[in-house]
Amino acid sequence: MDFNLIHLYKAIYIVNWSKFSIDADTPRLKYLQLEDYLSRLIRTKKLLMGSRLPSVSEASKVFPVSRDTVLAAYRSLQDKGLISAQAGKGYYVASYGTSSKLKVFILFDAMNQYKETLYRSLLYHLGKGYETDIAFHYYNEKLFHTLVETNKNDYHFFILMPHFHTDVTETIRLVPPHKLLLLDAFPETLGTGYAAVYQDFMKDVYSGLQSLLNALCKYDSLTVIYNDRFQFMPGALINGIRSFASDFGMPLNFSCEFDFSRTSEGKCYMAISDRDLAELIKSAHQKNLTIGKEIGLLSFDDTPLKEVLAGGITTITTDFSLMGRQAAKLIREGKMEQIPNRSHVVFRNSL
């Protein structure tokens, strides 16, 4: 009798496959429940090294799941190095997984203070079982595609930040959904079959501005300053600001190339980038304008520096620490959910 078949029969005898059942009361996907079960058997050595697992067809009969569910579970176990596939022969236990770490490829748009908060939180909550590499695409679609394409077979999991004004779903789909989490932005064209922790830009900025309405009413108008050549300015963010201004009668201006020499009394300015915020503060000081009284300053995305800069800058911000924690939880638990991250206003002296 074939050696591997002997091990298979041993495994069936020891394990008793019929003990596995789907828990319909949990949101955890069926293939992940099957993966958890098989992974537990392998790690506790109830399935021996070199043992052949049931074929996809056999497993779909033994377990109360479809062939697609079995195949997804086997592929995930392959990605983690616990089993291997031999062409024409089937799937075999390749490792007990006692010391292996899952390799995660993280692709951010750029690194700054609030992204560092996100990154540190993500790494902390992933824990010691993961090994991470990070890269940056700097809003360059070709670089984004190249980094995904060249690394797609070298990692167990991918965390992508798709901050682009164009459709990059073709690149995103190079990574199987069960190996992917989207962070901060979620392209609507992808559908719901992906894990994501994202900002609801339109809702968040509208709610934030509305909560600041009394402070904003001290000023004649609101000018939003951003540079769309060097940063990602979500269309939903612009739409949320426009909706607020229209609903509450706030005169509104958008400026991609603002002339800081024109900073003037009685106006409120919202800077999207830290560079533009610094230029506004410098301009106010040069003109002897008191920030928070003669001129208002507002920023998007909070950082520790904004807490002390110019006596404190008011911000509308998502919780980047929470974003990292929620992303890590989805990865560790294998959940394919889309979670809008929590946003809030930090009111300081600049308004």
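**Entry 1: a loop residue**

I began with Thr44, which lies in the loop between H2 and helix H3 (56-62). This is a predicted model, so I keep that in mind for every entry here. Is Thr44 buried, partly exposed or exposed? I found Thr44 partly exposed, with a relative accessible area of 47%. Then I looked up Gly97, which sits 53 residues from Thr44 along the chain. The C-alpha atoms of Thr44 and Gly97 are separated by 9.7 Å.

**Entry 2: H2 against H4**

I looked at helix H2 (residues 30-43) beside helix H4 (residues 67-79), and their axes come within 8 Å and cross at roughly 50 degrees. That angle makes H2 oblique to H4. I also noted the hand: H2 passes H4 in a right-handed crossing.

Which residues of H2 meet H4? On the H2 side I listed Lys30, Tyr31, Leu34, Glu35, Leu38 and Ser39. They meet Thr69, Val70, Ala72, Ala73, Tyr74, Ser76 and Leu77 in H4. Sorted by class, the residues of this contact of H2 with H4 are 8 nonpolar, 3 polar and 2 charged.

Next I turned to strand S5 (residues 157-160). Are its faces covered or open? Both faces of S5 are covered. Phe157 and Ile159 are buried on one side, and Phe158 and Leu160 are buried on the other.

I then checked what S5 pairs with. Strand S3 (residues 102-108) runs parallel to S5, and 4 bridges join the two. I picked out Val104, whose bridge partner in S5 is Phe157. S5 also pairs with strand S6 (residues 180-184), in the parallel sense over 3 bridges. Here I noted Phe158, whose bridge partner in S6 is Leu180.

**Entry 3: H8 against H10**

Back to helices. I looked at helix H8 (residues 201-211) and helix H10 (residues 235-248), which pack at an angle of about 35 degrees with their axes 7 Å apart. The crossing of H8 and H10 is right-handed.

From H8, I wrote down Phe201, Met202, Val205, Tyr206, Leu209 and Gln210 as the residues that meet H10. Their counterparts in H10 include Ala236, Leu237, Gly240, Ile241, Phe244 and Phe248. Asn239, Ser243 and Asp247 of H10 are in the contact too. By class, the contact of H8 with H10 has 10 nonpolar, 4 polar and 1 charged residues.

**Entry 4: a sheet of six strands**

What is the strand order in the open sheet of 6 strands? I read it as S9-S8-S10-S11-S12-S14, with mixed pairing. Strand S9 (252-255) and strand S14 (343-346) are the edge strands, each pairing on one side only. From one strand to the next, the twist averages 20 degrees.

I zoomed in on one end of the order. Strand S8 (residues 221-225) and S9 pair in the parallel sense over 4 bridges. Within that pair, Val224 stands opposite Phe254 in S9.

**Entry 5: two positive phi values**

I wanted to see some backbone angles. Most residues other than glycine have a negative phi. Asn288 is not a glycine, yet it has a positive phi of about 60 degrees. I located Asn288 in the loop between helix H11 (274-286) and strand S11 (296-300). Asn288 counts as exposed, at 65% relative accessibility.

Asp301 is another residue other than glycine with a positive phi, near 80 degrees. I found Asp301 in the loop between S11 and helix H12 (304-308). Is Asp301 buried or exposed? Asp301 is buried, with a relative accessible area of 6%.

**Entry 6: H5 against H13**

The axes of helix H5 (residues 113-126) and helix H13 (residues 320-333) come within 7 Å and cross at roughly 35 degrees. I noted this crossing of H5 and H13 as right-handed.

H5 brings Tyr114, Thr117, Leu118, Ser121, Leu122, His125 and Leu126 to the contact. Among the residues from H13 I noted Phe320, Met323, Arg325, Ala328, Ile331 and Arg332. The contact of H5 with H13 has 9 nonpolar, 5 polar and 2 charged residues.

Definitions and conventions: Residues numbered from 1 in each chain as written. Predicted model: local features only at pLDDT ≥ 70, side-chain atom pairs only at ≥ 80, totals over all residues. Heavy atoms only, no water. Axes fitted to C-alpha atoms, helices over the stretch in contact; angles between N-to-C directions. Parallel < 35°, antiparallel > 145°, perpendicular 65-115°, else oblique. Left-handed = near helix turned anticlockwise from the far one by under 90°. Contact = heavy atoms within 4.5 Å. Nonpolar A, V, L, I, M, F, W, Y, C, P; charged D, E, K, R; others polar. Buried < 20%, exposed > 50% of the residue type's maximum accessible area, 1.4 Å probe, protein only. Pairing = 2+ DSSP bridges.
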